[in-house]
Amino acid sequence: MTRPIVLVLAAGLAWGCSVPAQGPMPEGPERPAVTLADPEIRALARVLRLEDTRRYEATVFEQLAAGSEEVRRRVALAAGRIGDPAAVPLLIGLLDDDASTAVRA
């Protein structure tokens, strides 16, 4: 009976899938809950939409980078994930000069 399981695991590994780790997940630092206003939610939705389509729109990202800490954090993360070289100046500014350690991280 163990043969089908072994074959499934072997097939999964051959396709680049990983086998889940045994035991509980290690605990990391938890972020405090963040309360967002409607404009922040709309800004985050816009950032996520651009990130999902892998489009870096400099004017949009620069405008949103002037928002709240949570919006700036997501802008930095999305700009880095998109990987457009045009985002480098914005990222340097956020990662070097932002007052928030969450944004810089």
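User: Helices here are DSSP runs of H or I with at least four residues, strands are runs of E with at least two, and both are numbered from the N terminus. How many helices and strands are there in the protein chain?

Analyst: A word on the model: it is predicted, so local features need pLDDT of at least 70 and side-chain atom pairs count only at pLDDT 80 or more, while totals for chains, interfaces and linings use all residues. Residues are numbered from 1 along each chain as its sequence is written, and side-chain values use heavy atoms, with hydrogens and water left out. Reading from the N terminus, the elements run α-α-α-α-α-α. The count is six helices and zero strands.

User: At roughly what angle do the axes of helices α2 and α4 cross?

Analyst: The axes are lines fitted to C-alpha atoms, for helices over the stretch in contact, and angles run from 0 to 180 degrees between N-to-C directions. Helix α2 covers residues 38-52, helix α4 covers residues 69-82, and their axes come within 9 Å. They cross at roughly 5°.

User: Is that pair of helices roughly parallel or roughly antiparallel?

Analyst: Angles under 35 degrees count as roughly parallel, over 145 as roughly antiparallel, 65 to 115 as roughly perpendicular and the rest as oblique. The crossing angle of α2 and α4 is roughly 5°, which means that the two helices are roughly parallel.

User: How many nonpolar, polar and charged residues make the contact of α2 with α4?

Analyst: Contact means heavy atoms within 4.5 Å. From α2 come Glu40, Ala43, Leu44, Val47, Leu48, Leu50 and Glu51, and from α4 come Glu70, Val71, Arg74, Val75, Ala78, Arg81 and Ile82. Ala, Val, Leu, Ile, Met, Phe, Trp, Tyr, Cys and Pro count as nonpolar, Asp, Glu, Lys and Arg as charged, and the others, Gly among them, as polar. The tally is nine nonpolar, no polar and five charged residues.

User: Is Val71 buried or exposed?

Analyst: Buried means under 20% relative accessible area, exposed over 50%, and partly exposed in between (1.4 Å probe, protein chains only). Val71 sits in helix α4, and beyond its neighbours within four places in sequence it is in contact with Glu40, Ala43, Leu44 and Leu64. The C-alpha atom of Val71 is 6.1 Å from that of Leu44, although the two are 27 residues apart along the chain. With a relative accessible area of 2%, Val71 is buried.

User: How far from Glu40 is the nearest side chain of opposite charge?

Analyst: Glu40 belongs to helix α2 and, apart from neighbours within four places in sequence, is in contact with Thr35, Ser68 and Val71. A salt bridge is a side-chain nitrogen of Lys or Arg within 4 Å of a carboxyl oxygen of Asp or Glu; for charge, Lys and Arg count as positive and Asp and Glu as negative, with His and the chain ends not counted. Glu40 is buried yet has no salt bridge, and the nearest side chain of opposite charge, Arg72, is away by 8.2 Å.

User: Which residues are linked with Glu51 in a network of salt bridges?

Analyst: Glu51 of helix α2 and Arg74 of helix α4 are 23 residues apart, and their closest N and O atoms are 2.7 Å apart. For Arg81 and Glu51 the closest N and O atoms are 3.0 Å apart, and this pair ties together parts that are 30 residues apart in sequence. Glu51 is buried at a relative accessible area of 5%, whereas Arg81 is partly exposed at 49%. The partners of Glu51 in the network are Arg74 and Arg81.

User: Which residue meets Arg73 in a salt bridge?

Analyst: The structure holds five salt bridges, and this one has an N to O distance of 2.8 Å. The two residues both lie in helix α4, three residues apart, about one turn of the helix, and both are buried. The partner of Arg73 is Glu70.

User: What is the phi of Arg54?

Analyst: Arg54 is found in the loop between α2 and α3 (58-64), and Ile82 of helix α4 touches it. Arg54 is exposed, with a relative accessible area of 52%. Most residues other than glycine have a negative phi. Arg54 is not a glycine, yet its phi is positive, at about 55°.
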